[in-house]
Amino acid sequence: FSDRDYAHTMEIVNVVRKDIKAINVFLLLFSGSKPRFHRPVVELLKLYQSIFYNEIWKNTITEFTFWKHDEDSVEERMEEQEMDEERKHKEWNVHYKEKVGIKIEIPSIFIDPVFPIFSKKE
């Protein structure tokens, strides 16, 4: 968690408080190819919680980006990591609860913005 991250967060807070007034959805983006729940993430989430209070989590969604849905990628994730969407969702909610103190379940979505035209088998 750097000074730049803190400054960026405070800019967001100022815009929300002055111009937007409310947040309908707070979308937390994590790379699906290398998702990490390290100390800087925990610190940032705690900062958001201190600014927006616990109510923020009612409007929060976790998005895993670059989560490939093709058959080969699904099989590879299961073989190498024993990971699928349900397990990743549960794992992340355990992190939220144990590391940040979030008491509600935060929904997860899995998006891959890159549409593969051909599979590896072709």
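# Briefing: fold, core and pockets of a predicted chain

The accessible surface of the chain comes to about 8,600 Å², and 54% of that belongs to carbon and sulfur atoms. Accessible areas come from the Shrake-Rupley method with a 1.4 Å probe; for residues, only the protein chains shown count as cover. This is a predicted model: local features need pLDDT of at least 70, side-chain atom pairs count only at pLDDT 80 or more, and totals for chains, interfaces and linings use all residues. Residues are numbered from 1 along each chain as its sequence is written, and side-chain values use heavy atoms, with hydrogens and water left out.

**Overall fold**

- The chain has four helices and three strands. Helices (H or I, at least four residues) and strands (E, at least two) are DSSP runs, numbered from the N terminus.
- Along the sequence the pattern reads α-β-α-β-α-α-β.
- The C-alpha trace spans about 55 × 30 × 25 Å along its principal axes.
- Of the 122 residues in the chain, 31% are buried. Buried means under 20% relative accessible area, exposed over 50%, and partly exposed in between (1.4 Å probe, protein chains only).
- Among contacts with a separation of 6 or more, 76% join residues 24 or more positions apart. Contact means heavy atoms within 4.5 Å.

**Nonpolar core**

- In soluble globular proteins, nonpolar side chains tend to be buried together.
- The largest nonpolar core holds 23 residues. Such a core is a set of buried Ala, Val, Leu, Ile, Met, Phe, Trp, Tyr and Cys residues joined through side-chain atoms within 4.5 Å.
- Leu28, Phe37, Leu45, Phe52, Trp57, Tyr96 and Val100 touch the most other members of this core.
- Helix 1 (3-20), strand 1 (26-31), helix 2 (39-52) and helix 4 (85-100) each supply at least two residues of the core. Helix 2 gives the most, with six residues.
- Leu28 touches Leu45, Trp57, Thr60, Ile61, Thr62, Glu63 and Tyr96, leaving out residues up to four places away in sequence.

**Largest pocket**

- The space in the largest pocket is about 400 Å³. Pockets are found on a 1 Å grid over the protein atoms alone: a cavity is a set of points where a 1.4 Å probe fits but cannot get out, and a pocket is an open set with protein on both sides within 12 Å along at least five of seven lines. Lining residues have an atom within 4 Å of a point.
- Grid points are joined across faces, edges and corners, and a volume is the space filled by probe spheres set on the points.
- The lining has 18 residues, and Leu29, Phe30, Val41, Leu44 and Tyr48 lie nearest the centre of the pocket.
- Helix 1, strand 1 and helix 2 are the elements that give two or more residues to this lining. Strand 1 gives the most, with six residues.
- By class, the lining has twelve nonpolar, three polar and three charged residues. Ala, Val, Leu, Ile, Met, Phe, Trp, Tyr, Cys and Pro count as nonpolar, Asp, Glu, Lys and Arg as charged, and the others, Gly among them, as polar.

**Second largest pocket**

- The volume of the second largest pocket is about 290 Å³.
- Its lining has 15 residues, of which Gly32, Ser33, Glu76, Arg77 and Gln81 lie nearest its centre.
- Helix 3 (71-81) and helix 4 are the elements that give two or more residues to this lining. Helix 3 gives the most, with five residues.
- The lining of the second largest pocket has four nonpolar, four polar and seven charged residues.

**Single residues**

- Gln49 lies in helix 2. Gln49 counts as buried because its relative accessibility is 18%. Beyond neighbours within four places in sequence, Gln49 is in contact with Asn54, Trp57, Val100 and Ile102.
- Phe66 sits in the loop between strand 2 (60-65) and helix 3. Phe66 has a positive phi of about 55° although it is not a glycine. At 44% relative accessibility, Phe66 is partly exposed.
- Glu82 lies in the loop between helix 3 and helix 4. Phi of Glu82 is also positive, near 50°, in a residue other than glycine. Glu82 counts as exposed, at 51% relative accessibility.
- Asn24 is in the loop between helix 1 and strand 1. Asn24 is exposed, with a relative accessible area of 70%. Asn24 and Ile56 are 32 residues apart in sequence, and their C-alpha atoms are 9.4 Å apart in space.
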